[in-house]
Amino acid sequence: MSTARQSVQATTVDAAADTLFDLIAEVEQAKRVFTTVIHTEYLRREETSDRVERWSWDDKTGVVRNWRASRTLDRGAGRITFRHENPPAGLDSVTGEWTFKPLSADRTTVELRHDFQAADQQAGERLDRGAATQLAQLARFAADLERIREYEVSYEVELLIPASADELYDYFSDAARWPERIPHCLSVRLSEDVAPAQVVEMDVQVPSGAVHTTKQARICFPGEKVVWRQLAGLPPLDDALFGYMSFTPTEGGVLARAGSTELLKPRAVAKRGWEAQEAKDHVAEVRGGRNLDALNSAAEYLARKAAR
């Protein structure tokens, strides 16, 4: 029988309450704060309420999990309330609340409460563990925010390709055929358990000639975009790596964009003898170039296909 239960987790964070409120309220921040988040979107957005969707990697089950929630945001009270529309397996309903109580200008108590209905005791325990992990990651991220900003780099390349958005989407979403199409991709293992999510493990050859195995989780939006997060095989300089490809119809074809964000490791950067900006410039040039190579490979493949 399903029973009403509650989970309450709290921690103290060395950051201002407004900063912490923004990190949770602005769903675009979730990929930066939480290490398993692949993608987030607003389904509806107003000043004091919204409806959001999130895709996350579940380490325990090895699959991508999706959830949607309606939220109410009250900055003055330091409170964000939410209601899950599609609770995880084992939970019949989930509502909850984030609260941010300032202890000083730069120190805050953060509480995450869940009220839920569940017949399975273990489901409640999983919710407890997940909430504790979220609070711990939020605390680490917020306390180190200035360093993270210093060592974070985002870059984007674009290419106008005379093709349709559907053709470009098919080229990049059909990961099983990447070894035939993308020069540095040697082999691929693909799983698609829950549409529109993919998990792609691949062997890639880096500019030095070495072969690396990487693992990505990807969310595919037909004809529009593919967003991804690297789960394993991160580059030596990186603590985190995620990005996207988007396909915008325009005069003359499709404007294809490929962008990435990387959080660099200060120790790894220092070991190379670089300052933070030198490392960021290097990463943007080298890996931005690889992103452009991928777009060029699509353009060349589709040109050959059109000429047949």
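**Pockets, a cavity and salt bridges**

Author: The second largest pocket has a volume of about 820 Å³. The model is a predicted one.

Reader: Which element gives the largest share of the lining of the second largest pocket?

Author: The lining has 37 residues, with His184, Gln230, Leu241, Arg287 and Arg290 nearest the centre. Elements that give two or more residues are β10, β11, β12, β13, β14 and α8. Seven residues make up the largest share, and they come from α8.

Reader: What is the volume of the largest pocket?

Author: This pocket is lined by 45 residues. Arg54, Arg65, Arg126, Gly130 and Gln134 lie nearest its centre. Its volume is about 1,300 Å³.

Reader: Which element supplies the largest share of the lining of the largest pocket?

Author: At least two lining residues come from each of α1, β2, β3, β4, β5, β6, β7 and α3. By class, the lining holds 22 nonpolar, 13 polar and 10 charged residues. The largest share is nine residues, supplied by α3.

Reader: Which element gives the most to the lining of the largest cavity?

Author: The search of the whole structure finds one cavity of 30 Å³ or more. The largest cavity has a volume of about 60 Å³. Its lining includes Gly62, Val63, Ser191 and Ala197. With three residues, the top contributor is β10.

Reader: How many charged residues are in the lining of the largest cavity?

Author: Glu192 and Asp193 are among the residues that line this cavity. The lining also has five nonpolar and three polar residues. The charged count is two.

Reader: Now the salt bridges. How many are there?

Author: The rule asks for a side-chain nitrogen of Lys or Arg within 4 Å of a carboxyl oxygen of Asp or Glu. By this rule the count is 24.

Reader: Is lysine 225 buried or exposed?

Author: Lysine 225 forms a salt bridge with glutamate 41, with the closest N and O atoms 2.6 Å apart. The pair joins strand β12 to strand β2, 184 residues apart. Buried means under 20% relative accessible area. Lysine 225 has 17%, so the residue counts as buried.

Reader: Which residue forms a salt bridge with arginine 45, and is arginine 45 buried or exposed?

Author: The partner is glutamate 28, and the closest N and O atoms are 3.8 Å apart. Arginine 45 lies in strand β2, while glutamate 28 sits in the loop between α1 and α2, 17 residues apart. Glutamate 28 is partly exposed at 43% relative accessible area. Arginine 45 has 52% relative accessibility, so the residue counts as exposed.

Reader: What is the relative accessible area of arginine 189?

Author: Arginine 189 and glutamate 201 meet in a salt bridge at 3.8 Å, N to O. Arginine 189 is in strand β9 and glutamate 201 in strand β10, 12 residues apart. Glutamate 201 is partly exposed at 32% relative accessibility. Arginine 189 is partly exposed too, with a relative accessible area of 35%.

Methods. Residues numbered from 1 in each chain as written. Predicted model: local features only at pLDDT ≥ 70, side-chain atom pairs only at ≥ 80, totals over all residues. Heavy atoms only, no water. Helix = DSSP H or I, 4+ residues; strand = E, 2+ residues; numbered from the N terminus. Buried < 20%, exposed > 50% of the residue type's maximum accessible area, 1.4 Å probe, protein only. 1 Å grid on protein atoms, 1.4 Å probe; cavity = no way out; pocket = protein on both sides within 12 Å on 5 of 7 lines; lining within 4 Å. Points joined across faces, edges and corners; volume = space filled by probe spheres on them. Nonpolar A, V, L, I, M, F, W, Y, C, P; charged D, E, K, R; others polar.
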